[in-house]
Amino acid sequence: MQILIIAVIVMVLLLIVVNIRIVPQSKAFVIERLGGYLTTWQVGLHVKLPFIDRIVNQPSLKERVLDFKPQPVITKDNVTMMIDTVIYFQITDPKLYTYGVESPINAIENLSATTLRNIIGELELDGTLTSRDVINTRMRSILDEATDPWGIKVNRVEVKNIIPPESIQVAMEKQMRAERERREAILKAEGEKQSAILVAEGKKAAKILEAEAEKQAVILEAEAQKEAAMRRAEGEAEAIREVQKATAEGLMMLKKADADEKVLKFKSYEALAKVADGKATKLIIPSDLQNMAGIVSSISEIAKTAEK
């Protein structure tokens, strides 16, 4: 009897130990009692009734990644290409995830394939290749709304690869090569244009500087000639003044010595000769040389007046 009691106690302890569960972090246990949903265990220590309660699902609450195989899609301009997507999702309601849909992962894969075909069918080839952000945004919005009754939150959707047909790839490579060659030709032409402009500007600047130098040379030469002419004129004027002064002094001396009219005429002729030996460019000679004595007399009178 004692052995039987001990055995029963051991069996009860074993049943209790076996039905004790510890739910780890980022996990959840869905519990059923007699075939019906009972509760969802969160992180911590829990005990279930043996033979009555059972754990039907233990989903992870971490964010998960689904990388689907490339899907064939047809664009609006009837180009068939292969596109594969990556979906980042997270289970927010373990109960809905368990009872909402059969095989949730398979359901998400099929839903993403049909959604991708619908979106790409509205775009042309060029738009598909340049609208990844638009495709990602629309797919995430549609998938998130569709999976909400399944207890799933779609956080991000990324288009991983877009693989157009081989013929399209060849055509795109040719187009890219032609575009690069066109850009190269444009850059080369721009360089030649800039070079020609710089050369022309250099020649223009050189001609301007040369003209400025010639202009300055002409101006300096003209100023030198002007200065020389002024110097010559001043010299001639000074010479004439000296001759006039000497003539006046000589006449005054003759007057003081009571020289007769013939002597005055002779001296006036000498004065005229001295004036002619000067550097003056012009010399005015009276038509009547008899009046020369009168001129000399006038000069002598002017000299006397100056002395007074």
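A: **Charged side chains in their setting**

The chain has an accessible surface of about 21,300 Å², and carbon and sulfur atoms account for 58% of that area (Shrake-Rupley method, 1.4 Å probe; for residues, only the protein chains shown count as cover). The model is a predicted one, in which local features need pLDDT of at least 70 and side-chain atom pairs count only at pLDDT 80 or more, while totals for chains, interfaces and linings use all residues. Residues are numbered from 1 along each chain as its sequence is written, and side-chain values use heavy atoms, with hydrogens and water left out.

The chain contains eight helices and nine strands (DSSP runs numbered from the N terminus: H or I of at least four residues for helices, E of at least two for strands). It has 308 residues, of which 23% count as buried (under 20% relative accessible area, with exposed meaning over 50% and partly exposed the range in between; 1.4 Å probe, protein chains only). Of the contacts between residues at least 6 apart in sequence, 62% join residues at least 24 apart (a contact being heavy atoms within 4.5 Å).

Side chains of opposite charge can pair when their charged atoms come close. Ten salt bridges are counted in the model (a side-chain nitrogen of Lys or Arg within 4 Å of a carboxyl oxygen of Asp or Glu). Three of these pairs are described next.

Another salt bridge joins Glu122 to Arg138, whose closest N and O atoms are 3.0 Å apart. Here Arg138 is in helix α5 (residues 132–147) and Glu122 in the loop between α3 (104–120) and α4 (125–130), so the pair ties together parts that are 16 residues apart in sequence. Arg138 is partly exposed, with a relative accessible area of 33%, and Glu122 counts as partly exposed at 47%. Helix α5 also holds Asp133, a residue that counts as exposed at 61% relative accessibility. The C-alpha atoms of Asp133 and Val159 are 8.6 Å apart in space, although the two residues are 26 apart in sequence.

Glu179 and Arg182 meet through their side chains in a salt bridge of 2.5 Å, N to O. Both are in helix α6 (residues 166–256), where a spacing of three residues separates them by about one helical turn. Arg182 is partly exposed at 43% relative accessibility, and Glu179 is partly exposed at 29%. Through shared partners, salt bridges join Glu179, Arg182 and Arg183 into one network.

Asp84 is buried but has no salt bridge, and the nearest side chain of opposite charge is that of Lys160, 4.6 Å away (Lys and Arg count as positive, Asp and Glu as negative; His and the chain ends are not counted). A polar atom of the Asp84 side chain does lie 2.8 Å from the backbone nitrogen of Asn161. Leaving aside residues up to four places away in sequence, Asp84 touches Phe68, Lys69, Pro70, Gln71, Glu158, Val159, Lys160 and Asn161.

A nonpolar patch with about 1,200 Å² of accessible area together is formed by Met1, Leu4, Ile5, Val8, Ile9, Val12, Leu13, Ile16, Ile20, Ile22, Leu45 and Val47 (residues with over 30% relative accessible area and no salt bridge; nonpolar side chains, namely Val, Leu, Ile, Met, Phe, Trp and Tyr, are joined within 5 Å, and like charges within 9 Å). Two or more residues of this patch come from each of α1 (2–18), β1 (20–23) and β4. Helix α1 gives the largest share, seven residues. Val12 sits in that helix and counts as partly exposed at 42% relative accessibility. Ile16, also in the patch, has its C-alpha 7.9 Å from that of Pro50, a residue 34 places away in sequence. Pro50 itself is in the loop between β4 (44–47) and β5 and is partly exposed, at 29%.

How values were computed. Polar contact = N/O pair within 3.5 Å; in protein donor to acceptor, adjacent residues only side chain to side chain.
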